[in-house]
Amino acid sequence: MSTRPLLTLIAAVSADGFISTGKGVPWDLPRDKEHFRGTTRGQWLLLGRRTYEEMIGWFEDRHPLVLTRNPSFMPQVGERVASVDEALNLAAAHGVKELFDCGGGGAYAAAMPCADRLILTHVDSKLGGGVPFPTVNSGEWRQTSRQHFPADSTHAQALDFATYERFKASTEPSRAAL
Ligand SMILES: NC(=O)c1ccc[n+]([C@@H]2O[C@H](COP(=O)([O-])OP(=O)(O)OC[C@H]3O[C@@H](n4cnc5c(N)ncnc54)[C@H](OP(=O)(O)O)[C@@H]3O)[C@@H](O)[C@H]2O)c1
């Protein structure tokens, strides 16, 4: 029997809890791009269909699974999945140890109830609205690392790289199962 992979959400989140204004990622942070590229290189990824379409051309050396409700959607790269459970089962069948959910808001919300780990870049900027990152319930998650980088000549915003591990099962129903 294949083992379920770890499910990790990786995201850059504003100080008021948004991942995007709704028109793409609103900051340009080379250190975060390198962190994202390095963490996901060679890995299996789960992406909402909209984020997948934004990132087309970028998946060299990565295996994207595209979350969509459209049964006729045919990704140019990777495979279509209809649920987070299907993505986890497919990854498990290929011996994948960790699946990285790269967003956006819909894909994070679908996966949050069954996520094991969060790799968050906290960006010191407020967006005031847009696409939200799901609530991180402090009764379920423990921060295990945090590294701060101040703003500098190539980073308009300060940022923190933080990792959280789940220590308590979610009380939310898994949207993936709906
Ligand atoms: N800051 C960050 O780290 C970060 C990371 C990634 C993306 N983003 C931003 O996030 C924004 C996109 O987020 P979004 O929420 O609009 O779109 P999204 O999550 O990328 O994609 C949404 C689509 O995924 C599919 N989907 C979502 N939940 C599903 C479920 N439970 N079951 C089956 N299919 C499901 C649907 O596709 P169908 O319509 O095909 O059915 C839905 O329309 C963009 O602006 C992007 O730049 C930011």
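**View A. Helix α3 (residues 84–93) has Val-84, Ala-87, Leu-88 and Ala-91 as its buried residues.** Seen down the axis of α3, these buried residues fall within an arc of 95 degrees, so they line one face of the helix; the arc is that of the directions from the helix axis to the C-beta atoms. The model shown here is a predicted one, in which local features need a pLDDT of at least 70 and side-chain atom pairs count only at pLDDT 80 or more, while totals for chains, interfaces and linings use all residues. Residues are numbered from 1 along each chain as its sequence is written. A residue is called buried if 20 or more other C-beta atoms lie within 10 Å of its own, exposed if 12 or fewer do, and partly exposed in between, with C-beta atoms placed from the backbone. Helices (H or I, at least four residues) and strands (E, at least two) are DSSP runs, numbered from the N terminus. The cover over the buried residues of α3 includes β1, β3 (44–48), β4, β5 (79–81), β6 and α4, where contact between two residues requires their C-beta atoms, placed from the backbone, to lie within 7 Å. Just after α3, Gly-95 takes a positive phi of about 75 degrees.

**View B. The protein chain as a whole comprises four helices and ten strands.** The radius of gyration of the protein chain is 16 Å, close to the 16 Å that the globule rule gives for 178 residues, so the chain is as compact as a globular protein of that length; this radius is taken over C-alpha atoms, and the rule is 2.2 Å times the number of residues to the power 0.38. From the N terminus on, the order of the elements is β-β-α-β-α-β-β-α-β-α-β-β-β-β. The C-alpha trace spans about 50 × 40 × 30 Å along its principal axes, and 30% of the 178 residues count as buried. Among contacts between residues at least 6 apart in sequence, 69% join residues that are at least 24 apart.

**View C. Strand β6 pairs in the parallel sense with β1, over four bridges, and with β3, over three bridges.** Two strands are said to pair if DSSP finds at least two bridges between them. Asp-101 in β6 has Leu-9 opposite it, and Leu-46 also stands opposite Asp-101.

**View D. The shell around the ligand holds 28 residues, of which Gly-48, Gly-103, Gly-104, Gly-105 and Gly-106 come nearest.** A residue is taken as near a molecule if its C-beta atom, placed from the backbone, lies within 6 Å of it. At least two residues of the shell come from each of β1 (6–14), β2 (18–20), α2 and α4. By residue type, the shell divides into eleven nonpolar, twelve polar and five charged residues; here Ala, Val, Leu, Ile, Met, Phe, Trp, Tyr, Cys and Pro count as nonpolar, Asp, Glu, Lys and Arg as charged, and the others, Gly among them, as polar. The peptide bond that joins Gly-103 and Gly-104 is cis, with omega about 0 degrees, and Gly-104 is found in the loop between β6 (98–101) and α4 (105–111).

View E. Most residues other than glycine have a negative phi, and most peptide bonds are trans. Asp-61 lies in the loop between α2 (49–55) and β4 (63–67), and counts as exposed because it has 9 C-beta neighbours inside 10 Å.

**View F. His-63 lies in strand β4.** With 17 C-beta neighbours inside 10 Å, His-63 counts as partly exposed. Leaving aside neighbours within four places in sequence, His-63 is in contact with Trp-44, Leu-45 and Gly-78. Between His-63 and Pro-75, twelve residues apart in sequence, the C-alpha to C-alpha distance is 11 Å.

View G. Strand β9 is joined by eight bridges to strand β10 (residues 159–166), and the two run antiparallel; the bridge partner of Gln-143 in β10 is Tyr-164. Arg-142, found in β9 (residues 141–149), counts as exposed because it has 11 C-beta neighbours inside 10 Å. Apart from neighbours within four places in sequence, Arg-142 is in contact with Tyr-164, Glu-165 and Phe-167. Arg-142 and Lys-168 are 26 residues apart in sequence, while their C-alpha atoms are 9.3 Å apart in space.
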